[in-house]
Every structure is written in structure tokens, then in C-alpha cells.
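Reader: Could you give me a close look at a single part of this one? I'd like the place where the chains meet, and whatever packs around it, in one connected answer.

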Amino acid sequence: MIFREVEDPDLIAKARRGDVEAYNLLVSRWEKRVFNYLLRLVSNREDAMDVSQDVFLKAYQNLPKLDDPARFSGWLFRIAHNEAFSMLRRKRPETELAGEPRPADLNPRLLPMELSLAVETALGRLSPDQRETVLLKVYQGFKFEEMAEILECPVSTVKSRLYTALDLLKATLAPMQKAAFLKQSVRGEL
Amino acid sequence: MSCISPETKPDWKAYVLRELGQDAHGEAEAHLAACSICHEEVATLRLTLDTLSTLREEEMPRRIAFVSDKVFEPR
């Protein structure tokens, strides 16, 4: 294949030289991931959209300060983390109400397609710090060291939060998925 | 065989999250092959991660404004 996709650091270099289209392309690559990360943090689509917009504007303005273009993703998510928690602090009373776990029924006999909702509910029951480590590790694939940079805390803290979160999620979700798989296999036999 | 020395047990969460170094990963694999208790623990952790992966990725209500400026205009 002759065509080689332009790498992020190349786009960053171009954007730093004022190439708006290069930055637009960078945004199009990352916007959905950033939006979904923010959505799970702030639990509101419009707020997540507004914060996403702020994140990419701030990233554009601060692009010259990015030391290592190869670490763009961690840097971008650190901005997203800071913007999200800044927004949550501003809206604290409202967010505390909105952020309370919904009274979803964690039915142990869920169909596989219903697991997504169960996961959302289970994530909503974690503390914000615990939930964020799951989002960064499980859904965004960051390494412990990168997470520590994004969250500005020691790796030991990252691991502690994430491991506690996984224990809680394991206790909630594993029985459901076992039931779902069992149900699926029973249907397959019929 | 069962796991008789919990203090030397591998860090199974780091294992399933692919955070162990090459040597530690190899040692963990060897332990896992011989220990039914740890095998069960790892299976449950993997099941949890599989379940977490069922979370749907949401579509954005609209694109980031920057993007809509130029790149996606018809040529």
C-alpha cells in the first residue's frame, strides 16, 4: 500500500506552524474518544459536548507548550480531565444530584445486549476517582505511568483506585455475564 | 495444584491489564498453568473486562466546531 496515514506528531508539527486543516484532522481523530471519556465523567451529553469543545480549543491554544508530540494523547486527556473536574466543581450541587446512581435494576438474568446498560449503572456507582481510572485504562488503553501523568498522582494511587474499582465491578458484573452466557448457550442448544 | 503462597502470587490485575513486564508475564503464565485457584481468579477478571467492553460508545450530538470549519466542506 503506497498511502501512509499521517501520524499525529506530523499533524501537530503542521498545526504548530498554523495549518488549521492539520489540527482539524487531529480533532476528527480524537473527538469521539474524548467525548465518550467526558460523557462518563460528567454524565450529561450536552456538558460533555461543551467540555469537549473547550478541550480542543485549549489544546489548540497550548499546542506550542506540548513538549513531546509523541505524548499528545496523554496530554490531551490531561486537559480533558482538568476541564471536566473544573466544570464539575462549578456545577457541584446540580452534578451531585445528577451523578447519583440511577435506580436501574441490576437483574442477574440480563440478556447480553442489556449488559451495556448494566455496565453504565455499575460504573455510575463507583467514586469519580475510581471511575476515571477505569475509563482511562479499560476504554482508552493508557498505561499506568500515562494515567499517573494525566491524573497528576503517583502510579501507586492509580493502581489502588483501579484495583478497588475492578473488585467492585467484578462483584457486580461477573455474575450477570455468567448468567447471560448461560442463557445464550441454552438458547443455542434449542 | 493450588496456590499455597499468596505472598508470591502474581499481580493478576496487572496481568490481565497487560501491565506486567516480559519476565513477570512469563512467570505469571507458568504459575497460571499450574494453579487452579489463580486460574479461576484470572477467568473472573477477564469476564469482568469482557463485560465492561460491552459498554456502547456514544455518538457525539455534533462535531467539534473546529472540524466543521474547513475539512468537511465539500470540495
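Author: Start with the contact between the chains: 33 residues of chain A are in contact with 27 residues of chain B, where two residues are in contact if their C-beta atoms, placed from the backbone, lie within 7 Å. Bear in mind that this is a predicted model, so local features need pLDDT of at least 70 and side-chain atom pairs count only at pLDDT 80 or more, while totals for chains, interfaces and linings use all residues. Residues are numbered from 1 along each chain as its sequence is written, with chains lettered from A and ligands numbered from 1 in the order in which they are written.

On the chain A side, the elements giving two or more residues are helix H2 (20-42), helix H3 (45-62), helix H6 (115-124), helix H7 (128-139) and helix H9 (155-189). Helices here are DSSP runs (H or I, at least four residues), as strands are (E, at least two), numbered from the N terminus. H2(A) brings the largest share of that side, with twelve residues. By class, the side of chain A that touches chain B has 17 nonpolar, seven polar and nine charged residues. For those classes, Ala, Val, Leu, Ile, Met, Phe, Trp, Tyr, Cys and Pro count as nonpolar, Asp, Glu, Lys and Arg as charged, and the others, Gly among them, as polar.

So what does H2(A) pack against in its own chain? Take H3(A): the two axes come within 8 Å and cross at roughly 140 degrees. That makes H2(A) oblique to H3(A) (under 35 degrees is roughly parallel, over 145 roughly antiparallel, 65 to 115 roughly perpendicular, and the rest oblique). The axes are lines fitted to C-alpha atoms, for helices over the stretch in contact, with angles running from 0 to 180 degrees between N-to-C directions. The crossing of H2(A) past H3(A) is right-handed, which is the clockwise case: a crossing is left-handed if the near helix is turned anticlockwise from the far one by less than a right angle, and right-handed if clockwise. Residues of H2(A) in this contact include Tyr23(A), Val27(A), Glu31(A) and Phe35(A), and those of H3(A) include Arg45(A), Asp47(A), Met49(A) and Phe56(A). Counted by class, there are 13 nonpolar, one polar and three charged residues.

The loop between H2 and H3 of chain A holds Ser43(A). Ser43(A) has a positive phi of about 60 degrees although it is not a glycine. Most residues other than glycine have a negative phi. Ser43(A) counts as buried because it has 20 C-beta neighbours inside 10 Å (buried needs 20 or more other C-beta atoms within 10 Å, exposed 12 or fewer, and partly exposed lies in between).

Then there's helix H4 (72-90) of chain A. The axes of H2(A) and H4(A) come within 10 Å and cross at roughly 35 degrees, again with a right-handed crossing. Trp30(A), Tyr37(A) and Leu41(A) are among the H2(A) residues involved, facing residues of H4(A) including Leu76(A), Phe77(A) and Met87(A).

Arg18(B) is exposed, with 10 other C-beta atoms within 10 Å.
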